Every structure is written in structure tokens, then in C-alpha cells.
2 protein chains.
Amino acid sequence: MDWSALPPLSALRAFAAYADCGSLAEAGRALNVSHAAISQQIRNLESHMGVPLLDRHGRRMQLSAEGERLAEALLEGFGTMLQTSDELTGRDADRPLEISATPGFAAVWLMPRLPLFRARHPEISLTIDPSAALRTLEPGGLDVAIRYGNGDWPGLESTLLVSSPIVVVAATDLVGDREIATPADLRPFPWLQEHGTNEATDWFAEHGVEQDRSRGMTGLPGNMMIEAARQGQGVAITARLFVEPDLEAGRLRLLFEDSRKKGYFLVTRPGVARPPLRHFVSWLRREAVKA
Amino acid sequence: MDWSALPPLSALRAFAAYADCGSLAEAGRALNVSHAAISQQIRNLESHMGVPLLDRHGRRMQLSAEGERLAEALLEGFGTMLQTSDELTGRDADRPLEISATPGFAAVWLMPRLPLFRARHPEISLTIDPSAALRTLEPGGLDVAIRYGNGDWPGLESTLLVSSPIVVVAATDLVGDREIATPADLRPFPWLQEHGTNEATDWFAEHGVEQDRSRGMTGLPGNMMIEAARQGQGVAITARLFVEPDLEAGRLRLLFEDSRKKGYFLVTRPGVARPPLRHFVSWLRREAVKA
DNA sequence: CAGTCCATGTTAGTTGAGCTTACATAGGCG
DNA sequence: CGCCTATGTAAGCTCAACTAACATGGACTG
């Protein structure tokens, strides 16, 4: 191996952390340095390699095509090293299990059940990232994700936990007995969208409805969005799972239902899973069968 | 990714270079630092991880089992990074093609033919490492090896170039008309062994012959060993390919022939090869067919 | 429109991780 | 035994990596 041809390692790490986190400040926090150090290292790396790694138009930088390629190689390379290092030091067994789940599912389904897992596995620490963002599963990083979709994530393995179609709902206080025959009939109402997603925007665009700007679109975390819908603050689009009791009680009215097969899936990387992950996955599957 | 859990990168690089080169001095040369820097970095890494990476018994250190695992991950991780970096900077296309070949084959077969390759591809630079050592093929490092054997190298692809059994020969000046019926009859003679290999030692051990220490074993580079055999300095074991003219001319006498299927193979890693390598491989195959 | 927040950049100065240098011990070989 | 070379240790040096301070600009809100 031609070691002299390897760019400065600190610069590679800084760039990889930036690509992983999405901003200079976050990358700096991840590495416990200032944003300025990250900025300079990325500049140094671009200069060293003679390759533009970032597209600096607009407020937030974007990875260039070259930057995407390099980031992928770096995250894989560093991930491989970290995983083996963790295995050898025994940190792997102790490292908290990293779980990503949508806020709604985390709040409504997962959190109420977690004491059961803790009672069974008190030695396993968990880190739950309630985020609608699709995070990358990688060695040494995120172990498992609970995502909403149709189960088709290339290169990953998925198991259906809870089947649940998408529904458009609103409080009976808001819509009353009004006739809602087509999506366009919803135009006069305020809308609620889960923070970090575009599901409402996409659904309306898909059904040819243009947003009425005077009525507004409010972004809220998933569980708060549902509560706002109950209070009649707007029309919400969400998984049926979370509003089933409200529909039965008549607090919320079902306006539309998207019949495409969708649900919450348990998503993992292929290959051997470390023991804490195996325990969590098998426990979660049993809970899903029970529910 | 938990960046804080990654060990110091300089230490990882130093250890990887040591594992790649096999000695502190060589690793230091590869990184352009002193051997002492490598020694200290490896010590730092062991202390940081709390894991013994080296077995320090005897003069030359050996990788421990943990060391082997870490080295493998590091060489893969750094190799991935280097390859992508080289592709992005365009260095990949320009980087000299790294070829490892046994000295005998390099001298007798490859070198005489190289002007033909250069005439066809003047833009491609070559680095030929004439060494009997089995070097690892890896991204960013060694591109292709020409090895002697039976073609069975796990995880690698091989193509037979020249079929050639192993022969034991000696100058007629040395052995004359003496009856050589069994390997044991060779015991009184001095032996010649290709530097960096144990082929002669192994062959005699395999045939139950104990070395006569007063006669000595002389290690020489492959092509010089054959010349020494011609001059009657000792018994040599080598590929038949290199001594065919001498056998026909009667300068050397064939004492034994190992009939197992062996020869010189072109060995590459699976997957996409960069253009210079593709050109070299196809050229080499055509030359082998011609010969 | 002004004010606020935050994303990114630049410059000058600081510092400690990474290294050098010098010396040491030990194994292998002729 | 002398020589060569593999590895180790300690003290000192240095510069790559970083901080702190200040700056510009984009997006959003009232």
C-alpha cells in the first residue's frame, strides 16, 4: 500500500463526520472540536486532493458527486475499523443499542412497551433516536431502524411489525358533517404535518390539490401533531395505528384512507448481529405478534 | 457513528503499516518516519485499546490473534479510502502498475519481454518487485502477482501462464556420472536455495533427508542461483522452465523431477481492474500463449 | 423594513500529539 | 567474539490541528 498517497487522516475524519452529521456545527460536536476546525480541515482536504467535495450554493452546503463518493468510502472504511476495534476492546458488547424510530411510533407503541424489554434485559442500554429522518445503518453506528413504508429498502433486511395504512383525519369539531368527497374539499382547512417529513405535502400534491397558503401548514412532532388534530387545529395525515381509538370514539373523522400496503418495519443490516441487537430484535418481533 | 470511540488515527496507520511491511524499520520507511515513532505508536495503541496486538517473543515480533484481526480491518479500511481517493484525484490512472514476481521468472521470462509491452503501452508505468515473498494484493497497493504454485489461492483469481514442474539439478562437473538414485544420495553435496524461499529445505525434508551442515546451504536470488548451479557450486531445486536449455546442452544433469502439476500463474484480485492492469493482464496472456 | 438566529468562513495565536535523536538491549550469524 | 539488525526508552523539538474572535450572508418573523 502506498501510504504516502493517503490524504491527511484528520482531514478525512472531519469530512466523514460532516457527511455523517450534515453541518459543520454538528460535526464539530461529534468530534469535540469547533466548527471552524471542521471547516478548515475540509478546505485543506479539497486543496490537498484538488477536488471540490462540497457545493457551496445556498445557506447549507451540499456534497458534490465526488464528495458523495469519498464520504461513502470513508464511512465504510472508518466503520470497519471502529467495528473491529470495538469487538477487540469489548466495547461492542457494552455499547448502547442505537435505535431510530419515527417519533409517533416511538411515543405511542415503543415507549409503553420498553419496560418489558428492560425487565428482561437490564444489562442492555438503549439509545432511541426519535426522528422521522432516514438514518443510515452502519457498523459502529445505528443498529436498527423502525421505519414506515412498504418494506422495500435496498440492501437492508426488513420485518413487518405493524401493518397500518395511511389515513387523512380531522376532528369532528373542525369538519362537522361537511361533505368531504375529494381531496380538493380539504383545501380550505389548516393542515398539520409531522415535523421532518413531507407526507402531507406529498399526499396533497399527489392528489392534485394546491395548498391554500392563508390556511397554513403547521409542522409538529408526530405525537403532538395527533394531539393537535384531536383539538381541531387542522387536518392530519398519519398511520391509522395511532388514531384508531379516536376514530372509534368519534373524536376524529376518517376522511380518506390510502389502501396501499404500508406499515412499520423493523430494518437491519444483513449479516451477523451483535448480541444486544439480537435480543432486541427477537423481543420486538414477539411484541409485534402479541399486538 | 461514535467518532470518539475510534482510536488515534496515526496509531492505527502506524500499526497497519507495520502489519503490511513486517518490521518497524520498513514501516517507518513506508511512512517516512523513524522506527521509534512506529514503536511508540504501536505501544500507544495497545495501551489505548487495552489489547496486546503483538507477540514479543524472539527477535522479530509476530501479530497476536487480535493483532491479525485489527490489521485486516485496517488494511481494508485504509485501502478502501485510498482507492477512492486515487480515483477522484486521477492518481489511479497514473499510479504505476505494481507487479510482484519471483526473481527467477522476472529475470528469465518477464524482463526479456517487457520492451514489447512498453512499445505497445508507453504511457503505463510499471513497478516490478522481484521477490519470492507472497505479497498481499490490495486496493491501492499491489495490482498483480506472478506466483509459482498450483493455482489455488483462496479469494484470488489465477490464470496459468507457463506450466513447469520442479526439478532438482546439478552441474555435470559437480556430480559427474555418480549414481543418484534417492534424495539421500544428495546429502554430501552443497545446496543452493533461492533467497527468500524455503523450497530446497522443504523438498529435502519432505523426502526425509537431513541436511549435512558441513556442506552448507547457500541462499542466492533466483537467477544467480541458477548460474551458481551451472558453475558447479551446488545442487539446485527450481522450475524446469529456467534450466531447460542447460539440460538439453548437458551443462546440468536432471536428478529428480517433481511431477505434480505446477507452474507460474498470473494472480489478481476479483472485481473491476483499473485500465493499466487490464492492458497488462491481456498482454501477458497473449505472450504466454505465444511462448 | 429591522432584528434575530444560525450556517459558514477567515485570521492570528496556542499547544500537545507526533515525531526525532541518542542511546540501549538482545537475537542471530559467521 | 564482532557485526548487523530488530526493538525499546527517554528527553526534547515542532508543526498540524486546533481555538477564539470576528465576519458575512441566508432565512425567518413581526
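Reply: Start with helix α3(A), which gives the most to the surface near DNA strand C, with five residues. Here "near" means that a residue's C-beta atom, placed from the backbone, lies within 6 Å of the strand. Helices (H or I, at least four residues) and strands (E, at least two) are DSSP runs, numbered from the N terminus. Keep in mind that this is a predicted model: local features need pLDDT of at least 70 and side-chain atom pairs count only at pLDDT 80 or more, while totals for chains, interfaces and linings use all residues. As for labels, residues are numbered from 1 along each chain as its sequence is written, and chains are lettered from A and ligands numbered from 1 in the order in which they are written.

Around DNA strand C there are 23 residues, and A:A36, B:S10, B:V33, B:S34 and B:A36 come nearest. Two or more residues each come from α2 and α3 (35-49) of chain A, plus α1 (9-21) and α3 (35-49) of chain B. Sorted by class, that surface has nine nonpolar, nine polar and five charged residues. (Ala, Val, Leu, Ile, Met, Phe, Trp, Tyr, Cys and Pro count as nonpolar, Asp, Glu, Lys and Arg as charged, and the others, Gly among them, as polar.)

Now hop over to DNA strand D, which 23 residues surround, with A:S10, A:S34, A:A36, B:L24 and B:A36 the closest. Here the elements giving two or more residues are α1 and α3 of chain A and α2 (24-31) and α3 of chain B. The biggest giver is α3(B), with five residues. By class you get nine nonpolar, nine polar and five charged.

How do the two protein chains meet? Their contact takes 40 residues from chain A and 40 residues from chain B, where contact means C-beta atoms, placed from the backbone, within 7 Å. On chain A's side, α1 (9-21), α2 (24-31) and α4 (65-89) each give two or more residues. Of these, α4(A) gives the most, with 17 residues. That side divides into 19 nonpolar, 12 polar and nine charged residues.

Last stop in chain A: five strands form an open sheet in the order β4-β3-β5-β12-β6, with mixed pairing. Strands pair if DSSP finds at least two bridges between them. Because β4 (126-130) and β6 (157-163) of chain A stand at the edges with a single partner strand each, one side of each has no neighbour in the sheet.

Note on methods
Contact = placed C-beta atoms within 7 Å.
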